[in-house]
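Keep the 3D view open and follow along.

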Amino acid sequence: MNKKTAFITGGSTRLGREISLVLASMGLDIVFTYHSSKAESIDTCREIKSSGVQAHAFYADLEKVEEQLDFYREIFERYLE
């Protein structure tokens, strides 16, 4: 069985962080975006990894369509192929 990975936009703070932590506690690897909260994303990754799963944070400015396309392409190539 393949390991499941959850993708969360804005996963380093507030509600997105809580969702990330709950899914990690259920055994899912976590991939999330952040925009202006780099320090928080590092802390969130550290906490997720302490539960025994993988965590990866990606900077993304999701207001810029061209950056969204590049970002999503990278995510799909890394985690869905």
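**Pairs, rings and a helix face**

Start in helix H3 (residues 65–79), where Arg78 and Glu74 sit four residues apart and so are separated by about one helical turn. Helices here are DSSP runs of H or I with at least four residues, strands are E runs of at least two, and both are numbered from the N terminus. Before going further: this is a predicted model, in which local features need pLDDT of at least 70 and side-chain atom pairs count only at pLDDT 80 or more, while totals for chains, interfaces and linings use all residues. Residues are numbered from 1 along each chain as its sequence is written, and side-chain values use heavy atoms, with hydrogens and water left out.

Arg78 and Glu74 form a salt bridge, with the closest N and O atoms 3.3 Å apart. The term covers a side-chain nitrogen of Lys or Arg within 4 Å of a carboxyl oxygen of Asp or Glu. Glu74 counts as partly exposed, at 32% relative accessibility. On that scale, buried means under 20% relative accessible area, exposed means over 50%, and partly exposed is what lies in between (1.4 Å probe, protein chains only).

How many salt bridges does this rule give? The count comes to seven.

Now look at Arg17, which bridges to Glu47 with the closest N and O atoms 2.4 Å apart. Arg17 belongs to helix H1 (residues 14–25) and Glu47 to helix H2 (residues 38–49), so this pair ties together parts that are 30 residues apart in sequence. Both ends are partly exposed: Arg17 has a relative accessible area of 23%, and Glu47 has 38%.

Arg46 is exposed, with a relative accessible area of 52%, whereas Asp43 is partly exposed at 43%.

Next, the rings. The structure holds two aromatic pairs. In the pair of Phe7 and Tyr72, the ring centres are 6.0 Å apart and the planes are at 80 degrees, so the arrangement is edge-to-face. Phe7 lies in strand S1 (residues 5–8) and Tyr72 in helix H3, so the pair ties together parts that are 65 residues apart in sequence. Phe7 is partly exposed, at 34% relative accessible area, and Tyr72 is partly exposed too, at 27%. The other pair is Tyr34 with Tyr59, also edge-to-face, with 5.9 Å centre to centre and 70 degrees between the planes. Here strand S2 (residues 29–34) supplies Tyr34 and strand S3 (residues 55–59) supplies Tyr59, so parts 25 residues apart in sequence are tied together. Tyr34 counts as buried at 14% relative accessibility, while Tyr59 is partly exposed at 46%. The cut-offs behind these pairs: rings of Phe, Tyr and Trp (its six-membered ring) pair if their centres lie within 6.5 Å, and planes under 30 degrees apart count as stacked, over 60 as edge-to-face and the rest as tilted.

Let's return to H2 as a whole. Its twelve residues reach 17 Å from the first C-alpha to the last, close to the 16 Å expected at 1.5 Å a residue; the expected span is 1.5 Å times one less than the number of residues. Which residues of H2 are buried? They are Ser41, Thr44, Cys45 and Ile48. These four cover an arc of only 100 degrees around the axis, which puts them on the same side of H2. The arc is that of the directions from the helix axis to the C-beta atoms. The buried residues of H2 pack against H1, S2 and S3.

Zoom in on Thr44, which is buried with a relative accessible area of 1%. Leaving aside residues up to four places away in sequence, Thr44 touches Gly11, Ser12, Arg17 and Phe32, where contact means heavy atoms within 4.5 Å. Over in H1, Ser20 is buried at 0% relative accessible area.
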